[in-house]
Amino acid sequence: MSLPIKLYTFGTPNGHKASIFLEVLGLKYDTIKVDLRKNESKSDWFVKLNPNGRIPTIEDPNFKDGPLILSQTGAILQYLSDTYDKEHKYSYPFGTKNYYKTLEYLIFQVSENGPIQGQAEHFINFAKEKVPYGINRYTNDTKRIYGVYEDILSRNKENDSKYLVGDRLTIADFALFSWADSLKHLNIDIYEWPLIGKWYDAIKEIPAVQKGLKVPN
Ligand SMILES: N[C@@H](CCC(=O)N[C@@H](CS)C(=O)NCC(=O)O)C(=O)O
């Protein structure tokens, strides 16, 4: 019998990426809350797990060579997909074209969408001084990136523009979803991009996604 995965997390878009995909896959997991408001992500015990001191991190006690501790949402989602979606309900077989397109858009999310939108949120909601240059730069680039996603969906007409890659949801979609959900904090209306708006509404209806969005509380 497999043991529960441990998920170290907090209620942020990156944390929700992991909890949503764990829920979607129907995996057993225990949540350990790392309170970012108390700076717990920089505490000794947590930095031992993740030298980068940021959530989320998972620990899978079922890994073949002993427990696997993994951070970086791109790596976490890829690992969970490779290991626990053998039937390819939410993935494509290794080596196929759609496998690499999934990887392309996953990397686009973790290297561009997340960091840029995160900076926009910082300048709009958390910076101690109001810096119009920072607000404009990161808000405009966030909007540009959602325009790119709109274009990606529009190229998938044969699947009614419902998924970023092929004919099913993948980690490329789940990685973006929690950030798309967070656009409201920037007063950006997701329906500015009609296909992304519909894509967002459809994913939000999935019960496992709703459950994942409530973790860790
Ligand atoms: N590149 C990382 C980013 C993780 C990240 O930025 N986590 C934020 C929360 S969304 C965090 O832990 N912030 C707290 C800190 O920096 O101490 C990933 O994809 O996992």
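Modeller: Two residues are in contact if their C-beta atoms, placed from the backbone, lie within 7 Å. By that test, Thr73, Gly74, Leu77 and Gln78 in α3 meet Leu106, Ile107 and Val110 in α4. Bear in mind that this is a predicted model.

Colleague: What is the make-up of that contact of α3 with α4, by class?

Modeller: Four nonpolar residues, three polar and no charged ones. Gly counts as polar here.

Colleague: Why is α3 called roughly antiparallel to α4?

Modeller: The axes of α3 (residues 73-84) and α4 (residues 97-126) cross at roughly 155° and come within 9 Å. Angles over 145 degrees count as roughly antiparallel, so α3 gets that label relative to α4.

Colleague: On to α1. What makes α1 largely enclosed by the rest of the structure?

Modeller: A residue is buried if 20 or more other C-beta atoms lie within 10 Å of its own. Twelve of the twelve residues of α1 pass, so the rest of the structure largely encloses α1. Among them are Lys17, Phe21 and Glu23.

Colleague: How does the reach of α1 compare with what is expected?

Modeller: α1 (residues 13-24) goes 16 Å from its first C-alpha to its last, close to the 16 Å expected at 1.5 Å a residue. After α1 comes Gly26, with a positive phi near 70°.

Conventions. Residues are numbered from 1 along each chain as its sequence is written. This is a predicted model: local features need pLDDT of at least 70, side-chain atom pairs count only at pLDDT 80 or more; totals for chains, interfaces and linings use all residues. Helices (H or I, at least four residues) and strands (E, at least two) are DSSP runs, numbered from the N terminus. The expected span of a helix is 1.5 Å times one less than its number of residues. Axes are lines fitted to C-alpha atoms, for helices over the stretch in contact, and angles run from 0 to 180 degrees between N-to-C directions. Angles under 35 degrees count as roughly parallel, over 145 as roughly antiparallel, 65 to 115 as roughly perpendicular and the rest as oblique.
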